[in-house]
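Have a look at the sequence and model first, then read on.

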Amino acid sequence: MKKLLVVAMAALLSAPVVASTEVVALIDKAQSTRLQAAAAGFEWTKTAGLIKSAQKALKDGDAALAQKLASKALKQAENSLLQAQYSDQHWQDHAPQ
Amino acid sequence: MKKIITICALLAAFSVGSASANETQFDKLVAEDGSKFRSYFLNKFASVEVTDYVNGVYAIDAKSREQWEEIEDFPPYELSIDEGQELFEKPFANGKSYASCFANDGINVRKNYPYYDLELSKVMTLELAINLCREANGEKPLGYKKGDIALLSAYMAYTSRDETFNIGVPNQAAYDAYLDGKKFFYSKRGQLNLACSDCHLVAAGQKLRADIPSPALGHTTGFPVYRSKWGGLGTLHRRYAGCNKNVRAQPFSAQGEEYRNLEFFQSLMNQGLVLNGPSARK
C-alpha cells in the first residue's frame, strides 16, 4: 500500500501541474514586456500572436499549453527589449567609420 | 522693432530655404557621413560606377541585370505615369488641383523632397505633401502604400528624372530627424536580429536565400517602383514595411515619423545621385 502511494505521488509530481493563476500572471508579464518593446520601437511580429494563443489555450482549459506559449512570448518580449537596449548603445558601431 | 523682427525672420527663412547656397554646420556633418557611406560601397564594388547605384541590385548583380534591362525596354510603369498625370491634372471638387499646392505647379519638384518643414517641425515627404494638398482642398487622404498615391508619386517623380536631390539640413531639429533615421538604419531589429545595414551594407551583393540585397547607396532614387512581386506600383514606405517584416520586426505605419526620418536619412546619403523614378524591380 505504501509503495503504491509513493508510485502515485511520483506520477502526480511528474505530470505538469499548472495553476491557471500562475499562467495568467505569466501572460500579463509577457504582455507588459511586449508593450514596453513596442513603445521602444522594437516589437517582434510573432509575440502578440503567441500571447493571443496562450489566452485562448487558457480559456479552453489547457493551462499547460497556455503556459508553454506564454513563456515563449515572454522570452521573445524580453529579447526584443534587450535588442532595443543594445541598439540604443551600439547602433553607431555599425555605421561606416 | 516688430517690423525688423519680421524682416529678420523672413531673411532667415530664405537663407535656410536654399541649403546648397547656404550650407549649415549640419549639412557639413551630413556630408561627412555621406562621404564615408559612399566610400564604403565604392571600395566594396570597385568596378561599379557611382552613377549606377541608382539601379539598385542591378548595379551589382550582372545576372539579374540583363533581364531587368529587357524589362526596362518596355517599362511596366509606363501606363502608370500617364494615369498619374491624369490624376494629377484632374480638378478637385472645389475646382483647384494638385498644381496649386506645389512650387512650379508640381513639375520637377520631386527633387526637393523629403525636406525638413520648419513650420510643421517634421520631415515632409512627397506623399505626405500630396495628402496634405488633398485635405487642404476638402478631399479624403489616400492610402500610402499603393494605388493612386503611387501613381501620383510616379508621375511627379518622372518630371524630376535626371535631376539630383536638392535637400539639406537647415537646423538642429532637422539634424535630429536625420540622426533618428540614421539610428533606425543601423539598429538591429526583429527576431532575426538584423539591421538595414546588415543586409544593405555588409551583405550587399551576397546571396541571402533567394535574394541579393542591393547596396543602400541609391535607395530611394527610383521610387515608386513597379514590382512584379506586387503586380503593381508601390511606395518606398511599402518597401520599408516589407523589409521590416522580413526580419520579423513589427513594421511602422507608412508616413509615420519613423519611416519619414528613415527616408530623410537615406535621401541625404544619396545627394549627388540622379532621381530615376519610377522604376522596375523584381
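Helices (H or I, at least four residues) and strands (E, at least two) here are DSSP runs, numbered from the N terminus. B:Ser121 isn't a glycine, yet its phi is positive, about 55°. Its relative accessibility is 48%, so B:Ser121 counts as partly exposed. For reference, buried means under 20% relative accessible area, exposed over 50%, and partly exposed in between (1.4 Å probe, protein chains only).

This is a predicted model: local features need pLDDT of at least 70, side-chain atom pairs count only at pLDDT 80 or more, and totals for chains, interfaces and linings use all residues. Residues are numbered from 1 along each chain as its sequence is written, chains are lettered from A and ligands numbered from 1 in the order in which they are written, and side-chain values use heavy atoms, with hydrogens and water left out.

B:Asp162 also has a positive phi without being a glycine, near 70°. You'll find B:Asp162 in the loop between helix H6 (148-158) and helix H7 (172-186) of chain B. With 62% relative accessibility, B:Asp162 counts as exposed.

| Cis peptide bond | Omega |
|---|---|
| B:Tyr113 to B:Pro114 | near -5° |
| B:Gly277 to B:Pro278 | about -10° |

Where do these prolines sit? B:Pro114 is in the loop between helix H4 (78-89) and strand E1 (115-117) of chain B. B:Pro278 is in the loop between helix H10 (257-269) and strand E5 (279-281) of chain B.
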